[in-house]
Amino acid sequence: MTVYQELQLNQAGSKALIRSCTNRKDKMRHTAIYLFKICLTMAFCMAVVIGFSKIFGNGNSIVGVVVLLCVMAFRFADFGIRTPHAMGALTLMFAILTFGPRLANAGGLVQEFLVNTVCILLLMVLGCHNVVMFNHSTLLLCYLLLYGYDVTGDLYIQRLIAMGIGAAATLIVYYRNHRKKVYKRSLGDIFKEFDIHSLRTRWQITMVFGVTTAMLIAGLLHVPRRMWIGIAAMSILVPFHEDAKKRAKSRVPGNIVGCFIFLALYYLLPPSIYNYVGVIGGIGVGLSATYGCQAVFNTFGALAIATSAYGLKSAVGLRVAQNMFGVVFALLFCLILHRIFARWERSAS
């Protein structure tokens with residue numbers, strides 16, 4: 001395996017390669033390449049996010065995150081349809097990401113719920129047909145981040161331009177990496193295969209209404225930063241029930257541990273380092289191969305931003321409470337909908 005090929009491995013693949021080494025020299029070599037990859041990735045990510053912030057305003061730094069998520073995810077993941085149709089679907093999804101969150105934030109709770117439901121449903125149908133690719137973890141996260149970090153006025157005009165650039169970059173990467181793949185399924189087939197009797201469609205419906213209903217309840221209770229609840233619910237409502245249980249057991253403890261580590265860093269480090277706590281979290285995520293560890297380090301970036309708005313204690317309390325609510329609600333919602341589908345099947349037969 002060449003150095004370039006090794007740099008393409010994910011965390012689990014790199015760690016498995018390191019564990020398979022039989023001598024110290026090879027282990028040190030692969031470890032060095034792995035650490036170099038983490039540093040290279042972090043440097044690239046920081047450069048992109050800072051670049052978007054400088055060019056399009058601080059309020060649009062989140063667009064840099066969204067573009068990174070899409071480019072890095074769709075280097076490997078495809079939509080399971082013909083490439084020209086996939087390019088059209090990707091264009092539609094970027095339009096939804098660009099206009100949906102702004103429209104959801106422009107009205108009251110009812111409008112927000114309806115817009116979020118329609119937009120997330122379209123994202124699920126257009127981009128999550130091949131459940132093995134786990135595209136929902138990218139598309140829905142992007143939508144919720146843009147919804148949570150909404151902007152208006154001139155900043156939104158800048159966001160339109162930034163999202164257009166991000167769409168172009170993602171389309172180029174997608175075409176370059178997947179143009180030679182052959183699929184018989186078209187974009188129209190995806191909509192034809194949306195069938196309430198299929199397990200995939202039922203999962204898509206569960207995901208859509210699980211996320212939007214959780215955020216609606218949070219809105220009725222006047223809970224700030226509702227996207228955290230949506231992201232927590234989304235992370236649990238995965239296609240496979242066993243994975244959902246494992247994630248539920250890992251997410252809340254992971255967030256609590258992450259909050260404690262964040263508090264320790266906040267009190268031990270000098271104030272000049274606070275702005276880099278999110279970077280530390282990003283490095284930790286890069287070094288993590290399991291969902292539980294990723295949940296720990298993902299907390300850093302979220303809290304680093306929320307602390308400036310709500311204060312340290314309020315931000316930590318809000319983070320823990322919202323994640324607990326999102327996880328518990330997602331599990332209950334999944335169970336209730338599963339029983340409804342089962343009862344409907346029995347009555348239909």
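With a relative accessible area of 11%, S186 is buried (under 20% relative accessible area, where exposed is over 50% and partly exposed lies in between, using a 1.4 Å probe and protein chains only). This is a predicted model in which local features need pLDDT of at least 70 and side-chain atom pairs count only at pLDDT 80 or more, while totals for chains, interfaces and linings use all residues. Residues are numbered from 1 along each chain as its sequence is written, and side-chain values use heavy atoms, with hydrogens and water left out.

S186 lies in the loop between helix 8 (153-178) and helix 9 (187-192); helices are DSSP runs of H or I with at least four residues, numbered from the N terminus. Leaving aside residues up to four places away in sequence, S186 touches I81, R82 and H85 (contact means heavy atoms within 4.5 Å).

D78 is located in the loop between helix 4 (61-74) and helix 5. Its relative accessible area is 1%, so D78 is buried. Apart from residues up to four places away in sequence, D78 touches N130, M133, N135, Y174, H178, K181 and Y183.

Of these residues, N135 is 57 residues from D78 in sequence, yet the C-alpha atoms are 8.3 Å apart in space. The side chains of D78 and Y183 are joined by a polar contact of 3.0 Å (a pair of N or O atoms within 3.5 Å; within protein, one must be able to donate a hydrogen and the other to accept it, and residues adjacent in sequence count only if both atoms are side-chain atoms).

## Helix 5

Helix 5 comprises 23 residues (83-105) and reaches 33 Å from its first C-alpha to its last, close to the 33 Å expected at 1.5 Å a residue. The expected span is 1.5 Å times one less than the number of residues. At F99 the helix bends by about 30°, and P101 follows within four residues; the bend is the angle between axes fitted to the seven residues ending there and the seven starting there.

## Aromatic pairs

The structure holds eight aromatic pairs. The ring centres of F325 and F329 are 5.8 Å apart and their planes lie at 20°, so this pair is stacked (rings of Phe, Tyr and Trp, the last by its six-membered ring, pair if their centres lie within 6.5 Å; planes under 30 degrees apart count as stacked, over 60 as edge-to-face and the rest as tilted). F325 and F329 are four residues apart in helix 15 (residues 312-348), and are therefore separated by about one helical turn. F325 is partly exposed at 29% relative accessible area, whereas F329 counts as buried at 15%.

Key
Helices (H or I, at least four residues) and strands (E, at least two) are DSSP runs, numbered from the N terminus.
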